[in-house]
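I opened the notebook to look up a few single residues. The entries follow in the order in which I checked them.

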Amino acid sequence: MTFWTLLVANTRLQLRNRSSLFWHFAFPLVFMVLFGLIFGQGAGMLNIGMVTDNSVTAQHFEAAFAEIEGAVLIQGEEAALLEDLKDGQIHLLVAFRAAEAGQPLDVELFYDQNEMLASGMARSMVRGVLDGITKAVLAVPELFRLKETVISTEVLNFMSFLLPGVIGMSIMFSALFGTAYPLVTEREKGILRRVKLTPVKTSVFLGAKAVGMTVIAFMQAAIIIATGISLFDVQILGSLPAAAFVTLLGALMMVSLGLLLAGVAKRVESVDSIANAIAMPMMFLAGTFFEIDGAPDWLQSVAGILPLTHLNSALRDILIRGQELADVLPALLTMVAWALVFILAAAYLFKWESPKIQGNNRKAA
Amino acid sequence: MSVIVDVQELTKRYGGFLAVNKVSFAIEQGEIFGFLGPNGAGKTTCLEMMEGLRKPDGGKVLLKDISVWPEPAKVKNLIGVQLQSTSFYEELTVKEILVLFASLYGRKLSGRELDNLLSMAGLEEKRNAYTNSLSGGQKQRLAIITALVNEPEIIFLDEPTTGLDPQARRRSWEIIRELQGKGKTIILTTHYMEEAENLCERVAIIDQGKIVAIDQPQELIDQLGQKAKISFASSRPLASLFLAELGAEAGQVNSGEGQIVFTVDPAQTIGALLEKAKQEGIVIKNLHVSSPSLDDVFLSLTGKELRD
């Protein structure tokens with residue numbers, strides 16, 4: 001009963017606060033709509049150059065691309081296509097190199113780093129097609145099945161790529177701010193001290209906040225998916241329950257990070273700067289808007305361990321690549337590990353009393 | 001009447017600073033007991049050690065024979081607390097705050113309980129108002145009734161009327177007296193003499209972490225042995241010798257521009273004062289006679305005046 005009352009009160013606090021309402025629900029939608037208007041429909045057809053070795057794989061690649069809207073495959077000689085790439089005529093060059101028998105095929109990608117967004121979109125598209133081919137070949141060797149699986153990459157237009165990233169990003173921002181901001185405010189106002197005088201268990205008090213944020217994360221995911229489907233023709237291939245499970249895990253992980261942040265931030269004002277310092281770089285590094293495989297190796301390694309990277313990739317693999325929970329198990333385990341690290345650190349750092357209040361009393365005592 | 005609060009040699013140190021120094025006292029059930037002292041005297045620290053919020057460095061606190069330390073959880077259902085300068089969730093209504101805090105004690109307020117609390121605080125009309133729309137007095141009264149949601153036997157109120165205008169202050173006193181009428185024991189801190197004198201049955205005057213006097217307000221005043229206080233301003237300072245001739249028993253204190261004389265026989269002293277002044281050509285202005293108050297007790301015990 002206590003838990004339920006706390007959950008209701010927390011939800012009211014979130015929903016009655018205009019700025020938190022904006023950040024939870026309007027902000028992700030603004031992202032979706034803006035990106036959709038800029039990159040979504042017809043705007044910017046992607047030109048992808050291809051050097052073929054006439055291998056079976058290259059043929060499948062061609063066939064798959066024929067199905068994709070929003071991208072054109074231009075075949076030619078490598079040297080000429082490289083010139084086109086430098087001129088900006090094409091956004092990406094895919095070169096299939098003949099391999100010795102029994103060796104995996106070499107596929108080389110060339111792109112212009114100045115064209116981050118277009119080349120990033122093109123790369124995700126190509127990677128999706130290649131993944132699809134690999135998966136199809138590994139799962140069902142029969143060639144006639146191949147095409148069916150490859151069709152799944154059809155939806156990997158930019159909005160489809162973007163949608164899971166926007167969900168991951170929204171969960172991160174909402175859970176970080178939505179957990180840390182109220183807690184630090186409650187501490188500064190002395191509400192936490194007052195709560196400490198009651199017999200309520202810490203686990204119940206904080207658990208209600210975590211569950212409340214998870215509910216908000218579900219609402220965000222639902223709104224973003226609905227917008228993607230209705231406005232931008234995004235096709236959801238994966239199972240929604242699986243995506244919901246990833247959302248739950250992601251929300252709990254980000255709430256834990258929010259709890260840690262509430263322990264680190266001494267004052268309400270520092271919540272903003274610390275949360276932004278964490279969330280902003282993570283948003284870009286975690287492949288929310290584009291793949292970062294153009295970045296230096298060390299930066300990619302950093303990106304590879306970030307919590308949001310795993311949340312985004314698990315959501316993306318499930319929602320638009322149609323994978324299952326078992327396929328994204330490494331990402332899920334990494335998220336659980338992060339959550340545990342955050343929780344333990346938060347338990348160590350969390351304070352019921354603001355240092356300011358203690359200082360005042362010391363003076364007043 | 002039985003002792004419900006027993007505090008023995010309670011001590012708190014911050015570094016080398018003794019915030020509370022071996023404080024001992026006992027409170028009987030149904031009493032309104034006040035801590036009177038200036039800011040920084042140790043009132044709040046003392047209270048918070050009794051509530052289980054701040055761990056003492058020495059001594060004991062027994063509430064209904066249960067030791068608060070080392071397990072404050074044992075007394076949580078016994079006590080209700082209004083902390084100093086409490087604020088609330090701004091986006092919740094008065095009713096929602098009460099329901100929430102009751103639930104933190106694992107309780108569900110019935111409609112009647114809720115009505116009773118609201119009417120006690122005069123907040124019936126505000127039940128669905130957000131807390132940021134309340135006046136200072138209404139907020140303080142909400143803080144007091146929030147301390148009652150678990151039906152506590154002992155109620156701690158830390159400066160329940162600080163910053164309130166006299167009318168709002170009296171309204172809070174009514175609530176506190178009503179609680180006493182219900183058999184509750186109330187322990188409050190204040191730095192208003194008037195509040196201690198009018199509201200508290202017994203007062204502990206606390207200064208620099210120590211209790212310097214503890215008794216009923218009237219007793220403390222009577223112990224001064226003075227019947228009246230005469231204050232005035234004079235065109236020239238009066239010599240102490242001169243004052244002695246007035247028959248004033250206690251000495252003279254310069255308070256700002258004026259002078260204060262304590263006396264057991266005000267009529268005789270005033271007569272002599274005016275006579276002498278006429279002879280010496282001294283002009284006496286703003287002559288004022290009053291009974292001694294707790295202020296004077298405080299002044300004589302600590303050498304300080306209480307200020308807000």
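Entry, Gly52(B). I counted 22 other C-beta atoms within 10 Å of Gly52(B), so the residue is buried, as 20 or more are needed for that. The model is a predicted one, and I read the count with that in mind. I then looked up where the residue sits: Gly52(B) is in the loop of chain B that runs between α1 (43-51) and β4 (58-63). Leaving out residues up to four places away in sequence, I found that Gly52(B) touches Val68(B), Pro72(B) and Val75(B). I also took one distance, from Gly52(B) to Thr263(B): the two are 211 residues apart in sequence, and their C-alpha atoms are 46 Å apart in space.

Entry, Pro70(B). I checked the peptide bond from Trp69(B) to Pro70(B) and noted it as cis, with omega near 5°. Pro70(B) belongs to the loop between β5 (66-67) and β6 (79-82) of chain B.

Entry, positive phi. Which residue in strand β2 did I look up? It was Lys22(B), and the strand covers residues 17-28 of chain B. Phi of Lys22(B) is positive, about 45°, although the residue is not a glycine. With 14 other C-beta atoms within 10 Å, Lys22(B) is partly exposed.

I next turned to Lys64(B), which is in the loop between β4 and β5 of chain B. Lys64(B) is not a glycine, and I noted a positive phi near 55°. Is Lys64(B) buried or partly exposed? I counted 16 other C-beta atoms within 10 Å, so Lys64(B) is partly exposed.

Key: Residues numbered from 1 in each chain as written. Chains lettered and ligands numbered in written order. Predicted model: local features only at pLDDT ≥ 70, side-chain atom pairs only at ≥ 80, totals over all residues. Helix = DSSP H or I, 4+ residues; strand = E, 2+ residues; numbered from the N terminus. Buried ≥ 20, exposed ≤ 12 C-beta atoms within 10 Å, placed from the backbone. Contact = placed C-beta atoms within 7 Å.
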